[in-house]
Amino acid sequence: MAIYKKEEVNYGGSCELPKDRYTVRIVSVTKKQSSTNKPMAIFKVEIVAPEQVTINGLPHNIGGRQFAFNQMLDPVEDYGVGRLIAGLERAGFDFSVFEADGALDDDKLPKLNGFCFDMILGSRPRYAQRPPSEAEKVAGKKEYIDILDASGKRIMMGYEVTGGFADVVGPASVNPENSY
């Protein structure tokens, strides 16, 4: 029989992420249309530093933890391309990677793959949910529906990372492998 002391066990990466400055790397960028038929990009990002955080005195490996966020590519809205450009500027990105004159070509967004920078990240609870049934859709339910436990409480499934280009604070404070 093995005995495991809580303080000696490494807890998984689906932990609550303390709001702080983290170094991240863009893993992939995919362009698509939003539900309102506007251009957007989905950025898949991974945490590269720190590799571990301590929460309530217990270690949690977070290095390599991936998350995604959407970025609208609308040039007019304040949450659109302007937010992307401002974030990349704070990160020290060289826009000539896209075009010689420094213009942003959204077809070349995958050239951001491997780019590292620092951003403020946090987390929020992720709850178990299910899509509405056909009968629920007919009744007007369009959103996902919480799955409840036997006592009627929402079932928490861990935490999801929160962050986007508005949260970029500067160039990468560490220089991880396979980055630029």
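Me: How does R124 count at its relative accessibility, buried, partly exposed or exposed?

Reply: R124 counts as partly exposed, because its relative accessibility is 44%, where partly exposed is what falls between buried (under 20% relative accessible area) and exposed (over 50%), taken with a 1.4 Å probe on protein chains only. Please keep in mind that this is a predicted model, in which local features need pLDDT of at least 70 and side-chain atom pairs count only at pLDDT 80 or more, while totals for chains, interfaces and linings use all residues. Residues are numbered from 1 along each chain as its sequence is written, and side-chain values use heavy atoms, with hydrogens and water left out.

Me: OK, and where is the place of R124?

Reply: R124 belongs to strand β6, which covers residues 116–127; helices (H or I, at least four residues) and strands (E, at least two) are DSSP runs, numbered from the N terminus.

Me: What does R124 touch, if I ignore residues up to four places away in sequence?

Reply: With those left out, R124 touches G158, Y159, E160 and T162, a contact being heavy atoms within 4.5 Å. As for E16, R124 is 108 residues away from E16 along the chain, yet the C-alpha atoms of the two are separated by 7.2 Å.

Me: Let's zoom out, how many helices and strands has the chain?

Reply: The chain has two helices and ten strands, and the order of the elements from the N terminus on is β-β-β-β-β-α-β-β-α-β-β-β. Taken along the principal axes, the C-alpha atoms fill a box of roughly 60 × 50 × 25 Å.

Me: And what share of the residues of the chain count as buried?

Reply: Of the 180 residues of the chain, 33% count as buried. Among the contacts in the chain with a separation of 6 or more, 66% come from residues 24 or more positions apart.

Me: How far apart in space are G170 and A150?

Reply: From C-alpha to C-alpha, G170 and A150 are 46 Å apart in space, and they are 20 residues apart in sequence.

Me: And K142, where is its place?

Reply: K142 is in the loop between α2 (134–138) and β8 (145–146), and K142 counts as exposed because its relative accessibility is 74%. P131 is eleven residues from K142 in sequence, and the C-alpha atoms of these two are 8.2 Å apart in space.

Me: Switching to rings, how many aromatic pairs are there?

Reply: The count comes to ten aromatic pairs, where rings of Phe, Tyr and Trp (its six-membered ring) pair if their centres lie within 6.5 Å, and planes under 30 degrees apart count as stacked, over 60 as edge-to-face and the rest as tilted. One of these is the tilted pair of F95 and F98, with 6.3 Å centre to centre and 55 degrees between the planes.

Me: Are those two buried or exposed, and which cluster do they sit in?

Reply: Both F95 and F98 are buried. They belong to one aromatic cluster, formed by F43, F67, F69, F93, F95, F98, F115, F117 and F165.

Me: Anything on the backbone, say, which residues does a cis peptide bond join?

Reply: A cis peptide bond joins A49 and P50, with omega at about -5 degrees, and P50 is in the loop between β2 (39–49) and β3 (52–55). As background, most residues other than glycine have a negative phi, and most peptide bonds are trans.

Me: What is the phi of N37, then?

Reply: N37 is not a glycine, although its phi is positive at about 65 degrees. N37 lies in the loop between β1 (20–33) and β2, and N37 is exposed, with a relative accessible area of 57%.

Me: And what is the phi of N56?

Reply: N56, also not a glycine, has a positive phi of about 50 degrees. N56 is found in the loop between β3 and β4 (58–61), and N56 is exposed, with a relative accessible area of 76%.
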